[in-house]
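This report goes through selected features of one structure, element by element. The sequence and the coordinates come first.

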Amino acid sequence: MTVSDPTPTPTTSASTTPARTTPTDVLVIGAGPTGLTLACDLARRGVRVRVIERFAAPSVASRGKGLQPRSLEVLDDLGVADTVLTRGSTRLPVRMITDDGTVIDREPITVPVSDPTTTAHPETLWIGEFDVEGPLRDRLALDGVEVEFGSTASALQQHADSVEVTVETPQGPDTIRARWVVGADGGRSTVRHALGVQFPGFTMRDRWYLGDVRLEGLDHGRQYIFPTDLGMIGLTPLPTTDLWQWQSTTEAGDDAAQPSLELYQQMLDDHLGKDRVTLQEATWLSLYRANVRLADRYRVGRVLLAGDAAHAHSPAGGQGMNTGIQDSWNLGWKLAAVVDGADAALLDTYEDERRPIAASVLEMSTEKMHRFRAGATDGAEGVDRGLDGMGGDDTTGLSLRYLPNTLAFDGQPIARAPYATGLRGRGFAGSTFDLVRGPHWTVFVFSDDASDVHAFDGAPENVHVHRIGAGAIEDSQGHAVARYSAQQGTVVLIRPDGYIAGRQTVSSAAALVSFVRSVEGGGAHRQDDTADRADPSRPR
């Protein structure tokens, strides 16, 4: 891809005018989990969005194969978690078989979060990436948006109020004029290269053989680990299919043989003996070397980067797909607000919040991988210790906090709004997440005084106010009060992405409303009907 003038100033293209020009609010380049999550969030907010993907058809490769609890919460908010959960598995039992035939059954690699009551999705979900993308495409289609496959962005040109992207499509050349463009096009991002954004870091020495294979001889209901002199061969069953994802270590470096079904079969035969496990077919094969890199900028003018286009790291800890999904969750509501009239400076908080998270993920996953590789050649015990270190609360995404910035009303770190169950109100029974779910801001007023909710009368229509207390939504078990450390009169403002923007008292209601208006600008429409504020027990 080529780029002209990556700053938002008027330019004139010298290239031949393509056959047609079509406008949109946001163009998403890349239809993996990152791009699809962003597009779904934008579309449900009424933003005109197009999604282009250079491949001619949906991916059939498993690639990232684990959804962490926080990502499942995001998919829950989008309404696709139930479908995704039926396509994955949790708590896969693990069987290790050594080269002398010793069988060792061990606990699953993934374990629930340390306190399973803190989320509705406490387990990591084993799932092929294609089984995440499918439900997201279906969700996107509900808002009338279809992924445009076989469409490759070849050039972009920034203007003061738009970006023109030249796209080669099966129907011929197209120029898409978008107010904003997001590059979610993977680690080799053409968008990032076109913008000239640096991607400093390093490439790990070790290579991994990957693939999706069909085989005979193993129980599809468990995960298999075969410790080898070079580390391990891992075979993970992919739910909803008869496929297995293959992962194996090699120290061959640049001299590593190209992946093939024959090579993988020989590895198995060398370890287990002939005719124990027979590989029948491979639908995807890859020789992978992990990059550990972080883009030095997430935004250039009207173009932003997300997911692997912005950061790359080892697969240890299962963070790749998940970090990209959460990038999109952070960016979606902000981009929608800017499209609707908010100050474009709001988009700077995307990098302010997500880039430090990516940096910490790079550090964490690199440490886990080094620790695994250091002991992986020590037989079954070494591999076992390494696998034990892959999970943990640092991988779930639930405890991530953003550093204080302009979106922190109270100047505190910005944390995920806690999950609490046992809430009951008129026509409602559920959790705090049932109240937060949706593309809106949320206010919890912890008070037994019905009049306190009226402090928010006239707030923007995208601010949903709920009183938690006597005569409204009752917290009979005290879960919400405890999780939010609330007292009578405590007010909690929750952003559209489920993070707490501030904790104050009812007396600060006007200031909180002004804060939302200052953040969303023209996107914070006034509420004309205040009936729900008089009846805060009814979720909106």
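## Strand 27 and its partners

Ile-494 has Ile-500 of strand 28 as its bridge partner. Strand 27 (residues 490-494) and strand 28 (residues 500-505) pair in the antiparallel sense over five bridges, where pairing requires that DSSP finds at least two bridges between two strands. Helices (H or I, at least four residues) and strands (E, at least two) are DSSP runs, numbered from the N terminus. Another bridge of this pair sets Val-492 against Arg-503 of strand 28. The two strands form a hairpin with five residues between them, and in its turn Gly-498 has a positive phi of about 85 degrees.

Strand 27 also pairs with strand 24 (residues 441-446), again antiparallel and over five bridges. In this pairing Phe-444 has Val-492 of strand 27 as its bridge partner. Five of the five residues of strand 27 are buried, so the strand is largely enclosed by the rest of the structure. Buried means under 20% relative accessible area, exposed over 50%, and partly exposed in between, with a 1.4 Å probe and protein chains only. In a regular strand the side chains alternate between the two faces of the sheet. Thr-490, Val-492 and Ile-494 are on one side of strand 27, Val-491 and Leu-493 are on the other, and all are buried.

## Model and conventions

The model is predicted: local features need pLDDT of at least 70 and side-chain atom pairs count only at pLDDT 80 or more, while totals for chains, interfaces and linings use all residues. Residues are numbered from 1 along each chain as its sequence is written, and side-chain values use heavy atoms, with hydrogens and water left out.

An open sheet of three strands has the order 23-22-26 and antiparallel pairing. Its edge strands, strand 23 (428-430) and strand 26 (474-475), each pair on one side only. Strand 22 (residues 423-425) is joined to strand 26 by two bridges.

## Helices 1 and 2

Two packed helices are described by the angle between their axes and the distance between the axes. For helix 1 (residues 33-44) and helix 2 (residues 69-78), the axes come within 11 Å and cross at roughly 35 degrees. Axes are lines fitted to C-alpha atoms, for helices over the stretch in contact, and angles run from 0 to 180 degrees between N-to-C directions. The contact (heavy atoms within 4.5 Å) is made by Thr-37, Cys-40, Asp-41 and Arg-44 of helix 1 and by Val-74, Asp-77 and Leu-78 of helix 2.

Helix 2 is mostly covered, with nine of its ten residues buried. The buried residues include Arg-70, Glu-73 and Asp-77. Gly-79 follows helix 2 and has a positive phi, near 90 degrees. This glycine is in the loop between helix 2 and helix 3 (81-86) and is exposed, with a relative accessible area of 57%. Gly-79 and Pro-135 are 56 residues apart in sequence and 9.5 Å apart in space, C-alpha to C-alpha.

## Nonpolar cores

A nonpolar core is a set of buried Ala, Val, Leu, Ile, Met, Phe, Trp, Tyr and Cys residues joined through side-chain atoms within 4.5 Å. The largest has 119 residues, and those touching the most other members are Val-26, Leu-67, Leu-140, Val-165, Phe-372, Trp-441 and Phe-456. Helix 7 (residues 320-339) gives the most to this core, with ten residues. Apart from this core lies another, of 20 residues, among them Tyr-209, Leu-215, Leu-272 and Leu-279.

Leaving aside neighbours within four places in sequence, the contacts of Leu-140 are Leu-36, Ala-39, Cys-40, Ala-43, Val-51, Val-145 and Val-147. Val-182, in strand 11 (residues 172-183), is buried, with a relative accessible area of 0%. Not counting residues up to four places away in sequence, Val-182 touches residues including Val-26, Leu-38, Leu-304, Leu-331 and Leu-335.
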